[in-house]
Amino acid sequence: MRKFTEGFYGYAFAMAVCLAAVGLFLLITPQSRTEHIPKVDYALTLSDLRRTAPFQVWAPEPVAAGWVPNSSRRTNDDGRTTWRLGFATAKRAHAMLAQSDEKPPAEFANRLSNTSTVTDTVQIGGATWERRVREDKNQRSLVRFLPDATVVVTGTAAWDELSALAGSLRQQSKITS
C-alpha cells in the first residue's frame with residue numbers, strides 16, 4: 001500500500017483517480033446543448049399601460065416570427081411613465097422598444113440611443129423615424145417623437161430587423177374602467 005502513496009507513481013495514481021471521477025461526473029450529468037431564451041408575457045403590462053399611461057401606447061402587432069419577447073419593464077418615476085419591451089430577434093440579436101412621456105423628449109431619445117447625433121431619417125409605415133448609430137457599442141436606433149410621447153426602437157439588431165419592429169407598432173386603444 002505504501003507504494004501507491006509515495007513518489008511519482010502515487011501522484012500519477014491519484015491524478016488518474018481524480019480524472020476518472022471527473023469523467024464519470026461529466027458522463028452522468030445531464031447536459032443541454034439547446035438554446036434557452038427566457039420568454040415573458042407582456043400582455044398584462046400592456047393592458048395596464050393602456051389603462052393608466054398618460055400617453056398613447058404603441059405595441060408590436062404581430063410580433064415577428066422567430067422573435068422572443070424576453071423582457072418587459074414599466075417604471076413610474078417623478079410622474080414619468082416609461083415602458084421597455086425587449087426581444088431576441090430571429091437572428092438572435094437584441095431589439096428593444098422603449099416609450100416614455102419624459103420631458104424633454106430629446107433627453108430620453110439621446111439616453112436610450114446612447115447618442116444625440118441623427119444620421120438621417122427614414123419612412124417606415126408612413127411615419128418618419130430618425131436613424132442614429134453608436135458604432136463603438138454596435139447600437140442602432142430609430143427614434144420617433146409623438147405629441148405626447150417618444151418612441152425608441154434600439155439594439156444590436158440590423159436595420160432591417162429594427163425597421164420591422166418599428167413597422168409592426170400599432171397604436172393601442174385606451175382602456176377606460
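Close-up 1. Because its relative accessibility is 38%, Phe-145 counts as partly exposed; buried means under 20% relative accessible area, exposed over 50%, and partly exposed in between, with a 1.4 Å probe and protein chains only. This is a predicted model, in which local features need pLDDT of at least 70 and side-chain atom pairs count only at pLDDT 80 or more, while totals for chains, interfaces and linings use all residues. Residues are numbered from 1 along each chain as its sequence is written, and side-chain values use heavy atoms, with hydrogens and water left out. You will find Phe-145 in strand 7; helices (H or I, at least four residues) and strands (E, at least two) are DSSP runs, numbered from the N terminus. Setting aside neighbours within four places in sequence, Phe-145 touches Pro-105, Ala-106, Ala-109, Glu-130, Arg-132 and Thr-150, where contact means heavy atoms within 4.5 Å.

**Close-up 2. Strand 7 and its partners.** Strand 6 (residues 127–134) pairs with strand 7 in the antiparallel sense over 5 bridges; two strands pair if DSSP finds at least two bridges between them. Look for Arg-131, whose bridge partner in strand 7 is Leu-142. Leu-142 also has Val-153 as its bridge partner in strand 8, and strand 7 and strand 8 are antiparallel, with 6 bridges. In the hairpin of strand 6 and strand 7, 4 residues lie between the strands, and Asn-138 in the turn has a positive phi of about 50°.

**Close-up 3. Strand 5 meets strand 6.** Here 5 bridges join strand 5 (residues 120–124) to strand 6, and the two run antiparallel. Asp-120 has Arg-131 as its bridge partner in strand 6. The hairpin has 2 residues between the strands, and Gly-125 in the turn shows a positive phi of about 60°.

**Close-up 4. Strand 4 between two partners.** Strand 4 (residues 94–100) is mostly covered, with 6 of its 7 residues buried. Strand 3 (residues 80–88) is joined to strand 4 by 7 bridges, in an antiparallel arrangement, and Phe-87 has Ala-95 as its bridge partner there. Strand 4 also pairs with strand 8 (residues 150–155), antiparallel over 6 bridges; in this pairing Gln-99 stands opposite Val-151.

**Close-up 5. Aromatic pairs.** The whole structure holds 3 aromatic pairs; rings of Phe, Tyr and Trp (its six-membered ring) pair if their centres lie within 6.5 Å, with planes under 30 degrees apart counted as stacked, over 60 as edge-to-face and the rest as tilted. One of them is Tyr-42 with Trp-83: the ring centres are 6.1 Å apart and the planes at 50°, so the pair is tilted. Tyr-42 sits in the loop between helix 2 and helix 3 (43–52) and Trp-83 in strand 3, 41 residues apart. Trp-83 is buried, with a relative accessible area of 0%. Another pair is Trp-67 with Phe-87, which is edge-to-face because the planes stand at 65°, with centres 5.7 Å apart. Trp-67 lies in the loop between strand 1 (58–60) and strand 2 (68–77) and Phe-87 in strand 3, so this pair ties together parts that are 20 residues apart in sequence.
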